[in-house]
Amino acid sequence: MKAAVFEGLERMTVRQVPDPSLPDEASLILKVHACAVCGSDIRIFHHGNPRVTPPQIIGHEVAGEVVEVGKEVTRFKVGDRLATGADVPCGECEWCREGLPNNCAINYAIGYQFPGGLAEYMMLNARTLRFGAVHPIPLALSYDQATLAEPLGCCINGLELAQIKLGDTVVVIGAGPAGCMLMRLARSFGAIRVIGVQRSRARVSAAYTLGGADVVLCSEEVDPVQGVWEATGGRGADVVITANSSPETHQQALRMVRNRGRINLFGGLPQDAPPIALESNLIHYKELLLTGSHGSVPRHHRLALDLLACGVIEPDGYISHTFALDEVLAAFAAAESHEGMKVIVHPHGS
Ligand SMILES: [Zn+2]
Ligand SMILES: [Zn+2]
């Protein structure tokens, strides 16, 4: 089969590799119809990741069709349309057993330790089928649309940890695909006012149209802390979620949140980002609740598919580019340019 193989830092080649085969009767083979490019794929390409040993096929926002299935697999059959999430809990460590599988001590993931979706076919192993996020795609969704369930599942995890209450004013910093999903979904969690903060002008309109924000502050043009302060009548936001990779927004979040407010650091920083100095006295005096969130659990992925299927999150505006597998480097460049929203690769053409 043809696959995009990550060969090492800054190197990815599209070439023939052996077709995946079933290692046992508890696994299956998926024909990949769509694999979306995630910010973390781009970070692996440029900076590597300790969990990815090249040569490896990366890509974890996957949707496809079952073409071969082991005899012991009872949940799926040939012809089923499936979407996958990234994280595959080990199912055995202390965190998995405690019901915190996205904090798994091993943290297996598709496109990391296990070959991913930037290929014509992909094997889903027994552990992935047993503990990972592998779910049937609702009839209402296309393969492209179903890939959105992976990032959306991570957003649900972040929003649960942010503890939004009915009537809250929520600020989301960053209007990329995840930022817009967070803005839109914050309302379902009870927010009555959503304020987007976005650095580049290009994505300000996305915060309005996709995110449904009431107010969007362009942080290149106005001071976002001052802007939130004014928009909330000097009170501050009830909840602030950072959905970007800029350390200074962590600092801004502490300043723009109200007393007893809640902050979720949703977006990770690059692995080599230096530690930042936080004004921890603000956490102390304002009695803040500061949380982080990472990945999602299978329940979030399944719920995300349902939310997309019933239109709580309208999938269409999120997909801005599609590419063939041969054009994978162009797909990565498009995703990195931040000009559009999600970029999808079609391993079998469109
Ligand atoms: Zn992802
Ligand atoms: Zn585990």
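Tutor: Two strands pair if DSSP finds at least two bridges between them, where strands (E, at least two residues) and helices (H or I, at least four residues) are DSSP runs numbered from the N terminus. The model is predicted, so local features need pLDDT of at least 70 and side-chain atom pairs count only at pLDDT 80 or more, while totals for chains, interfaces and linings use all residues. Residues are numbered from 1 along each chain as its sequence is written, and chains are lettered from A and ligands numbered from 1 in the order in which they are written.

Student: Which residue in β12 does Val197 stand opposite?

Tutor: Strand β11 (residues 193–198) and strand β12 (residues 215–218) run parallel and are joined by 4 bridges. Within β12, the residue that stands opposite Val197 is Leu217.

Student: Through which helix does the chain cross from β11 to β12, and what is the handedness of the crossover?

Tutor: A crossover is called right-handed if, with the strands pointing away from the viewer, the path from the first strand over the helix to the second runs clockwise. Here the chain passes from β11 to β12 by way of helix α7 (residues 204–209), and this β-α-β crossover is right-handed.

Student: Where do the buried residues of α1 fall, seen down its axis?

Tutor: A residue counts as buried if 20 or more other C-beta atoms, placed from the backbone, lie within 10 Å of its own, as exposed if 12 or fewer do, and as partly exposed in between. In helix α1 (residues 39–47), Asp41, Ile44 and Phe45 are buried, whereas the face turned away from that side carries the exposed residues His46 and His47. Taking the directions from the helix axis to the C-beta atoms, the buried residues line one face of α1, because they fall within an arc of 100°.

Student: Against which elements do these buried residues of α1 pack?

Tutor: Contact between two residues means that their C-beta atoms, placed from the backbone, lie within 7 Å. The buried residues of α1 pack against β1 (2–8), β2 (11–16) and α12 (328–337).

Student: Is Ala105 buried or exposed?

Tutor: Ala105 sits in the loop between α2 (94–97) and β7 (108–109), and beyond its neighbours within four places in sequence it is in contact with Cys93, Glu94 and Trp95. Because 11 other C-beta atoms lie within 10 Å, Ala105 is exposed.

Student: How far apart are the C-alpha centres of domain 1 and domain 2?

Tutor: An automatic or database domain assignment supplies the bounds, giving domain 1 (2–148 + 315–346) and domain 2 (155–292). Although 9 residues of domain 1 are in contact with 12 residues of domain 2, the C-alpha centres of the two domains are separated by 29 Å.
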